[in-house]
Structure formats: structure tokens, C-alpha cells
Amino acid sequence: MQVNRRQFFKICSAGLGGSSIAMLGYSPTAALAEVRDYKLARATETRNMCPYCSVSCGVLAYSIGDKSKNAKAEIIHMEGDPDNPVNRGTLCPKGAGLLDMVHSPNRLKYPEVREAGSNEWKRISWDEAITRITKHMKADRDANFIEKNAEGTTVNRWNTFGFLASSAAANEPGYLTSKVLRGLGVVALDTQARI
Amino acid sequence: MTNHWVDIKNADLVVIMGGNAAEAHPCGFKWVVEAKKERKARLVVVDPRFTRSAAVSDFYAPIRAGTDIAFLGGVINYLLSNDKIHHDYVRNYTNAAFLIDEGFKLEDGLFSGYNAEKRSYDKATWQYQKDKEGYAMVDETLQSPNCVFQLMKKHYSRYTPELVSRVTGTPKEDFLKICGMMAETAAPNKTMTVLYALGWTEHTVGSQNIRTMAMIQLLLGNMGMAGGGINALRGHANVQGITDMCLYSEVLPGYLSAPTDADKTRDEYLAKRTPKALRPNQMNFPQNFPKWFTSLMKAFYGSAATKENGFCYDWVPKKDGAYDAMAIFERMHQGKMTGFVCQGFNPLASLANKRKVGDALAKLKYLVIIDPLATDTSEFWKNHGEFNDVDASKIPTEVFRLPANLFAEDAGSFTNSGRVVQWHWKAADGPGESKGDSEIMAALFLRLKEMYAKDGGKFPDAILNLAWPYRIPAKPAPEELLMEISGKALADVTDPKDPTKVLVKAGDQVPGFAMLRDDGSTSCGNWIYGGSWSQAGNLTARRDASDPSGLGQTLNWGFAWPANRRILYNRASADLAGKPWDPKRTVMKWTGTAWGGNDIPDMRPNAAPEEHVMPFIMAPEGVARLFSPIMADGPFPEHYEPFESPLDNNPFHPGNAKAKSNPAARVFKSDMDSFGTAKDFPFVATTYRLVEHFHFWTKHAHINAVLQPEHFVEIGEELAKEKGIKAGDKVKVRSNRGHIKAVAVVTKRIRTLDVDGKKVHTIGIPLHFGFKGLTKPGYITNTLTPFVGDANSQTPEYKAFLVNIEKA
């Protein structure tokens with residue numbers, strides 16, 4: 001019999017319910033109480049990866065919300081991916097807490113600004129944040145961009161602006177970040193690879 | 001890693017040094033346990049602390065932090081003096097036979113060519129002797145006093161077991177026992193794997209720590225073998241991928257050395273980076289540099305990159321000096337920077353000398369934080385009592401905080417430490433208004449482009465013409481980006497031997513980097529990822545874990561760069577004739593017509609053994625370097641003391657103060673006064689990770705914060721007694737740069753060592769705590785660490801510095 005992972009959970013939860021009730025002496029048809037469905041049976045399983053150390057363990061993320069139009073997915077459980085040849089289903093004490101990382105109360109939810117000299121954060125819109133940041137960047141770049149060095153060599157660099165890039169980002173945003181920054185002339189660029 | 005996680009199971013001896021895989025990489029450490037259980041492999045751990053890796057080892061030896069080269073140089077001496085090397089491997093696959101310039105020498109701890117003013121070397125005398133055709137000269141007998149083998153023997157003859165023990169504090173008999181265990185793997189069919197991490201890199205001699213062990217692995221013939229190699233256990237889940245994408249100033253994606261002011265024209269730039277083979281018949285693979293670079297420019301600038309404008313060479317910013325993280329913060333501290341962005345990076349906590357970093361940030365006009373979490377850096381301006389004692393009203397920096405998605409909230413690929421690129425899928429949206437990193441970069445870029453198009457400004461060309469072929473410009477899809485990274489043909493790519501034969505049709509994805517061209521007919525964002533998304537689709541998303549060889553290669557799971565190769569230098573796993581050194585663990589063999597086996601050959605597939613094409617194809621020599629003419633601080637690793645050392649001098653060169661610490665290590669003049677001496681700070685400190693935490697992230701996750709809630713430091717029983725400190729006491733740990741307070745853990749795990757005739761105590765300091773998070777608010781460990789970097793990588797010396805300790 002071919003059984004996928006989700007069907008397997010359904011069979012297990014049904015089997016567990018059936019046998020334990022039978023053991024208590026009830027006839028299954030006359031059951032008054034019913035064992036709750038295994039909660040992951042109706043969750044959507046997504047293959048993901050632990051973002052912590054470089055073992056990069058395969059992770060299964062289970063979310064409620066079946067991807068229908070108005071259902072917003074919420075991750076309710078995470079565990080090691082048994083298919084992944086490196087971690088083979090295991091997670092360490094760091095990775096076992098991934099759900100708490102996803103739902104950390106310290107997640108940032110909105111763009112914010114702390115004005116010069118101020119002692120507090122202020123919520124702003126994405127549009128305002130991007131407008132203000134890019135105004136700063138353009139003013140700085142136009143004032144300090146170096147097209148030619150003292151010898152007259154074309155150097156096209158902007159070295160009054162710096163960027164520390166994330167090693168938690170995937171390869172694709174990493175590449176895009178590199179492309180954009182080189183395009184702007186940025187040379188003061190580094191990443192956790194160094195430290 | 002030259003090998004990969006699962007391959008650890010194929011080892012006969014596992015050495016963990018400069019790392020603690022059981023706690024920092026637990027699910028990878030599983031393969032060490034597998035090797036012990038299934039192969040009866042032995043595990044050796046050398047570390048200043050008796051770690052959890054040590055707890056399950058077959059043999060543990062303590063070592064003073066920062067003396068790994070003394071230890072490993074001693075191992076080289078042992079192997080050479082006792083003739084425990086893999087002779088055929090060393091003679092054929094390394095540069096042991098190469099003749100070096102007669103002017104090369106080491107004198108009083110300094111190699112020839114030292115310039116004290118610049119703290120750097122002129123490497124003119126570190127070069128090979130060359131014949132009329134420009135090939136390096138060799139002495140196959142290995143007898144010439146100027147051949148690498150003899151120079152190496154002479155260099156390490158000074159590393160006697162007695163001196164090794166005196167410098168490292170490792171008992172002599174422990175050291176010799178480990179030498180003996182390593183020496184057993186000189187047998188052609190025995191292998192040792194080496195697992196290291198930041199415990200080797202985070203020193204002013206970091207690169208040379210690793211090189212010393214690489215030399216040992218070459219002498220033992222363990223490179224390219226299943227269960228062998230030099231394996232860096234890296235930090236983040238995608239730090240390997242971000243390194244490959246080259247988000248740092250020295251290189252462009254695919255490790256293409258970035259242009260500097262000295263590279264005035266494209267031709268000069270390419271000529272300097274396109275080496276000629278140093279021995280006849282060698283592959284000299286970097287000769288393809290122009291193809292990789294031109295294809296990158298086509299990915300960056302599309303149709304704007306033409307032959308006529310040198311494929312936009314002038315648009316690439318040229319470097320005029322160092323721009324690594326420490327150099328950036330030094331510039332910022334000098335008031336030379338206006339703006340700064342931290343994308344998923346928390347420098348206030350993770351860079352050395354927190355005070356300097358905080359002072360530097362306060363000199364910026366604007367700071368932008370792109371992060372999923374409220375980081376310590378994002379509140380560098382805010383008073384958090386004793387933990388961050390600043391006055392917000394006096395800090396004029398405007399700070400923006402942009403919410404970014406976490407791993408589960410975006411699709412994309414991560415590259416693990418074993419270079420295996422694996423795709424992951426999105427499980428849910430991020431909270432509130434958070435966005436993905438690509439979307440945030442697109443928002444910043446597209447707005448700037450709009451402003452430059454409308455209002456003009458300095459050099460708008462590179463901005464207005466940056467290729468942006470994404471279907472939804474504001475949301476470049478990860479699939480589109482990986483296809484761009486992997487590369488495609490812009491015009492038909494034809495066979496150089498038969499131009500009528502089309503190898504890749506215009507518009508198709510390239511099957512690999514061999515199809516890239518330097519005439520603008522191909523585009524590729526990162527040549528080493530070439531073929532990761534071929535016409536067959538997204539190979540990083542493959543999930544066939546079948547393993548017919550039983551070696552754990554899983555060639556159809558994800559995609560390993562380069563070319564889906566799982567073990568680098570795998571041609572070296574077979575002898576000159578192409579017969580595997582160990583047929584039971586065949587990685588590669590000559591089948592009579594081609595190279596085949598259980599991996600993608602790291603060799604031209606039809607290079608018959610009699611052609612003598614050697615296995616190290618990325619080196620113009622074709623062989624591995626026991627002597628390296630390109631390192632910044634010496635062609636052979638030499639022991640130097642950490643910048644903050646408990647000793648008065650370097651016991652290898654007691655008469656020369658200049659040779660106490662790495663003479664070529666990078667140190668800024670303004671930081672010279674920030675170093676402390678053993679008189680005021682008598683104890684060696686080292687920083688590390690705990691099994692329950694990951695960097696400065698998991699202090700924001702409830703369960704991890706419960707498991708390990710408060711900052712502590714570990715001290716040995718002898719020091720505790722001396723200082724009257726009991727377990728659970730609050731202690732103050734001071735360096736010359738500041739202090740932290742934490743709870744004392746008194747432990748047998750840290751021994752007091754006998755070093756150069758005196759007792760040296762070590763203090764262990766976990767790094768995970770800070771003033772933001774769900775853990776108990778605490779000090780930032782990097783308040784204590786020194787702002788000085790490795791000569792080659794500029795990585796700060798977090799792992800060996802001086803402190804004092806007292807009851808708080």
C-alpha cells in the first residue's frame with residue numbers, strides 16, 4: 001500500500017483511537033468519547049531549512065491554513081526532515097526551538113524610525129521609510145562619490161556608505177544584494193563570513 | 001568543507017580542534033558518532049576546554065588558546081622525523097619537489113622581505129625558481145636544500161616535543177600520543193578527517209592555523225579521500241552561500257578578485273588574474289577567469305555590457321584599501337562614513353570591542369537595520385542601564401528599523417558547510433508588514449533608480465543600466481534569481497573545435513560553467529553555481545537521497561558546487577595510474593577511457609593518467625602547496641603569540657620583540673593602546689557558543705531563553721580557589737577595553753596549564769547574551785575582545801586575549 005506522510009498520520013491517529021477505546025471495553029460504535037485528531041493531520045507540510053548553524057538541517061514546517069484564497073497560514077509545528085540525508089530527522093536544542101523563533105515576541109512587525117537624539121521608536125509606513133532612507137543615500141552618494149582618483153583612474157566608488165550583509169539570507173537575496181550594491185559603487189561591504 | 005557532513009562517517013580518525021561540533025553543530029556531529037560506532041573510528045579532541053565533543057572522544061588533550069601552530073608544527077616535525085608520510089602522494093601531488101628562490105629564509109622569527117613600517121612582506125624571495133619556459137623547477141629526488149621538502153623539514157625541526165609542550169601547555173606524552181594516532185593515517189588506505197570552526201579562524205594567525213593542518217593532511221595523503229579533508233564547520237545556515245555570493249569587498253560573486261585602483265583597464269585587470277600554468281600539462285583552471293568575469297558583467301548589466309565598453313569594466317567600483325568589517329568600523333570611528341546598513345547582522349554584539357563599535361555608530365548620520373528581530377545594534381543609542389550605558393540625547397544618528405522575513409517565510413536556497421545547495425519553500429507570511437530581503441533591496445534600489453532617472457546625480461549609468469529583468473520588478477522571485485546565478489546562453493554557444501556544432505542554444509540555461517564564454521555570449525551571476533538551474537530545472541530542489549555507493553555521496557540530493565562535486569580534489573583519491581588508494585572507499589578511478597567512480601571527477605574527464613594532469617586543478621602548479629608563495633604572513637606557518645599573551649616573549653624567538661605576535665597581523669594605530677598586558681590582565685580568555693543558543697538570535701526565542709537564561713563564565717577550580725570565587729557568585733571580568741559581569745561556573749573542565757615555566761589559567765566566556773531578548777538582560781561579551789585581525793582574512797582575535805577576574 002502506498003501511503004504518504006499525511007495519510008500515515010491519519011491512519012495512526014485512527015488506529016490509536018480505535019485500539020485504545022477497544023481495550024477499555026467499549027465497542028467502537030458505541031463510543032461516547034473520541035480521541036482528538038492528530039493535529040498535524042490537517043496541517044500543511046512545507047520543506048524548509050533550519051537557519052542556524054551550517055549543518056543546514058532539513059526541517060518540516062507545519063502550518064494551519066490550507067493555501068486557499070483567504071486562509072492565512074500560521075506555522076504551528078516544526079520538526080526535522082527525515083528525508084534529509086544530513087540530519088535524518090534530527091534537530092538539536094537550538095533547532096528544536098525554531099517555532100519559538102518564528103513566533104518570538106521580539107519579531108519586528110513594522111518599519112520604525114528613531115529620530116536623531118530621540119529616546120523612542122516611532123512607527124512609520126514602508127513608503128516613508130524607503131523615501132527617507134533613499135533620500136539620505138542619494139544625498140550622501142552625490143556628495144561623496146569618487147569617479148576618478150588622484151591619478152585620474154576611473155574608480156567609481158562610494159565609500160562613505162557601508163553595508164553588512166546577512167548570512168541568514170538565502171543565496172538569491174544575497175546575490176541580488178551584491179548586484180545592487182556593486183551597481184551603486186559600494187566598496188565598504190562585509191558579511192559574517194569574516195567573523 | 002572539502003568533503004561534506006555525511007562523509008565524516010568514512011573516517012578512521014576524526015580530529016576536532018578549533019571547534020566543538022557536539023555543541024555548535026550537533027546534527028552534523030552525529031556523523032562522528034556514526035564513524036565511531038560503525039567503523040570503529042577514533043575521535044581526538046584538542047581544546048582549551050574539556051568540551052562535550054571531548055566528553056565522547058577517545059582521547060582529549062588540553063591546549064593553551066592561540067598556540068595551535070606550535071602544536072601542529074610539532075606534528076609536522078614528528079611525521080617528517082619518523083618518516084610517517086604518504087610518500088607517493090607527497091612526491092606527486094604536492095609542491096614538495098619545487099625549488100624555491102635561494103634568497104628565502106626565516107631569520108629571528110621574520111621571513112625574508114619584511115617591512116616593519118608597513119607590517120607586511122615583499123614576497124619576491126618566496127617564489128619558485130623558474131626555467132626558460134616559465135615553468136617552476138623541481139628536484140624529483142627531494143634532496144636539494146632549496147626544495148620545498150627540505151626547507152619544510154628544516155623549518156619544523158625547531159618544533160621539538162619539548163618546545164611544543166612548553167608553549168602549548170599540552171603535556172608532552174599527550175602530544176606524542178596524538179602524533180602517533182595521526183601518523184597511522186599515512187597508510188594509503190587510512191584517513192583522518194579534520195573538523196574545525198572559529199576556534200581556528202578567530203586568531204591573528206587564523207589562516208595559518210588552518211594551513212598547518214592542511215599541510216599535515218597532504219603529508220598523510222588525506223586530501224581528496226572519502227573520510228578525509230579539511231572541514232570548516234561554518235557558522236550560519238547560509239554563511240557558505242553568502243561567502244560564495246561574495247558579499248564582501250575583496251571579491252565579486254564566485255570569488256572573482258575585485259578590481260583595485262592598480263587595475264586601470266580591463267585588460268590589465270584580467271591579465272593579473274589569469275595565471276599561466278606553472279608546470280607542463282596542468283589544467284590551471286583559473287585561466288578561465290575572463291569567461292567567468294565577462295559572464296558576471298552580462299548578468300549585472302545585460303545588454304548595456306558590450307565589447308565596445310569593455311563589458312562595463314569601469315562601472316565596477318575599484319577598491320583603494322581594506323574594507324573588511326574592522327576596517328569599515330575604523331573608518332566610521334574616524335568619522336569618514338555617513339550611512340550604514342546592517343542586514344541580518346548585529347555588529348554591536350558580534351564585532352570586537354563593543355565600545356569602539358558603539359562610538360563609531362554614533363558618528364553616522366543614518367543607520368538602517370534590516371532584520372527579523374529587535375537587535376542590540378538597533379538600540380545602540382538607547383540606555384539599557386549598566387549593559388549599555390549611553391545618553392540617547394547626545395547621539396544624533398537617525399536609525400531606521402525594517403522588518404524582514406525569517407527562513408520559513410521565504411523560498412530560496414541555502415548552501416550548507418559541505419557546499420550542498422538545497423532549496424526550501426515558503427511556509428507562511430512573516431508577521432505584520434515584514435518583507436523578504438530581495439523585496440527590501442528591490443524597494444531601495446528601484447526608488448534610487450527613479451530618483452536618478454528624474455533628478456540625475458553622480459554617475460547614474462551603473463544604476464540606470466543595472467539589469468532588472470524580473471517579472472515583478474518590486475519582487476524579484478527566488479526562481480528567477482537562481483536561474484540568473486546559474487547562467488544562460490545569450491547567443492548559441494558553439495564547440496570551439498567545431499563552430500558548426502551548437503552546444504547550448506541561445507536562451508537556454510547553461511549545463512555548467514564549462515559553457516561560459518568571454519565574448520558576451522553567456523551570462524552567469526556566479527560561475528561556481530553554474531548548472532545549478534540547468535535546462536533540467538532547479539537541481540537544488542532535488543530530493544532523491546539514494547546512495548548506491550554507501551559513502552553518503554547522494555549525488556541526486558540538491559546540488560553541490562562546483563559541478564555537483566561532493567569531494568574536492570577527488571582525483572587525489574587514486575594513485576598516479578588512477579587506481580584508488582583504498583578500493584573499499586572508491587571516490588574516483590580511471591576506467592580506461594575516462595574518470596569515473598562515485599563522484600563528479602575533479603579532473604578533465606578524459607585526462608589519461610599518462611598525461612600527468614595533477615589533481616589540484618585550481619592551482620597553476622597542478623599540485624597542492626606545502627609551501628605557499630601567496631600568504632600574507634609567510635609561506636610556512638610559524639608560531640606567533642596572540643596579541644595579548646600571558647608570556648613576555650615568543651619562546652620560539654625570545655630575542656625578537658617584533659616576532660612575538662604575527663608581524664603581518666592587521667592592527668590600526670589607534671588600537672595599539674587598547675591592548676592589555678599580563679601584568680594587569682594575567683588570565684587567558686576565550687569565547688564560544690553553547691549548545692542551547694545560536695549567536696545573538698535565540699536569546700529572542702522563549703524555549704532557548706529558558707534553557708540557558710543568564711550570562712555565565714567558566715573558570716577552573718584552581719583559579720576559583722585562588723580568587724575566592726564560588727560557583728554561582730557574580731563575577732566581574734575585565735579586559736583593557738571594558739568589563740562584563742556574569743555568574744561564575746566553577747568547573748573541572750578547564751585545566752590550569754604549565755606554560756613556559758608558569759601556571760596559566762583560562763577563562764571561558766559564552767557569547768550569546770546582551771541587553772535585548774528574552775534571556776536575563778546582560779553584558780555583551782565582545783565588550784572584552786581586541787580589535788586586531790588575522791593577516792590574511794582580517795578576522796578578529798576573539799579566541800585568545802587577556803582578562804582579569806574578581807568577585808563582583
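Predicted model: local features only at pLDDT ≥ 70, side-chain atom pairs only at ≥ 80, totals over all residues.
Q: How many bridges join β16 and β23 of chain B, and which residue is the partner of Val421(B)?

A: A pairing is read from its bridges and their residues. Strand β16 of chain B, residues 420–424, pairs with β23(B) in the antiparallel sense over 2 bridges. The bridge partner of Val421(B) in β23(B) is Phe559(B).

Q: Where is Gly430(B) placed, and is Gly430(B) buried or exposed?

A: Burial is read by counting neighbouring C-beta atoms; 20 or more within 10 Å make a residue buried. Gly430(B) sits in the loop between β16 and α17 of chain B. Because 21 other C-beta atoms lie within 10 Å, Gly430(B) is buried. Leaving aside neighbours within four places in sequence, Gly430(B) is in contact with Pro403(B), Asn405(B), Leu406(B) and Glu409(B). Pro403(B) is 27 residues from Gly430(B) along the chain, and their C-alpha atoms are separated by 8.9 Å.

Q: What is the reach of helix α17 of chain B?

A: The reach of a helix is taken from its first C-alpha to its last. Helix α17 of chain B covers residues 437–455, which is 19 residues, and reaches 27 Å, close to the 27 Å expected at 1.5 Å a residue. Its buried residues include Asp437(B), Ile440(B), Met441(B), Leu444(B), Phe445(B), Leu448(B) and Tyr452(B). Gly456(B) follows α17(B) and has a positive phi, near 70°.

Q: How many residues of chain B are in contact with chain A, and which element of chain B gives the most?

A: One may count the residues on each side and then ask which elements supply them. Here 140 residues of chain B are in contact with 102 residues of chain A. On the side of chain B that touches chain A, α17(B) gives the most, with 9 residues. The residues of that side divide into 74 nonpolar, 41 polar and 25 charged. Another way of expressing the size of an interface, often used, is the accessible area lost when the parts come together.

Q: Which way do the residues of β8 of chain B point?

A: The two faces of a strand are read by the directions of its residues. From β8(B), Met192(B), Val194(B) and Tyr196(B) point one way, whereas Thr193(B) and Leu195(B) point the other way. This strand, residues 192–196, is mostly covered, with 5 of its 5 residues buried. Strand β1 of chain B (residues 13–17) runs parallel to β8(B) and is joined to it by 4 bridges; Val14(B) stands opposite Thr193(B). A further 3 bridges join β8(B) to strand β9 (residues 230–232) of chain B, also in parallel, and Tyr196(B) stands opposite Ala232(B).

Q: Why does Lys36(B) count as partly exposed?

A: Lys36(B) counts as partly exposed because it has 18 C-beta neighbours inside 10 Å. Lys36(B) is found in helix α2 of chain B, residues 26–39. Beyond its neighbours within four places in sequence, Lys36(B) is in contact with Ala41(B) and Leu43(B).

Q: What pattern of helices and strands does chain A follow?

A: A chain may be summarised by listing its elements in sequence order. Chain A has 4 helices and 8 strands, in the pattern α-β-β-β-α-β-β-α-β-β-α-β. Of its 195 residues, 47% count as buried. Its domain assignment gives domain 1 (1–42), domain 2 (43–107) and domain 3 (112–194). The C-alpha centres of domain 2 and domain 3 of chain A lie 32 Å apart.

Methods:
Residues numbered from 1 in each chain as written. Chains lettered and ligands numbered in written order. Buried ≥ 20, exposed ≤ 12 C-beta atoms within 10 Å, placed from the backbone. Expected span 1.5 Å × (residues − 1). Contact = placed C-beta atoms within 7 Å. Nonpolar A, V, L, I, M, F, W, Y, C, P; charged D, E, K, R; others polar. Domains from an automatic or database assignment. Pairing = 2+ DSSP bridges.
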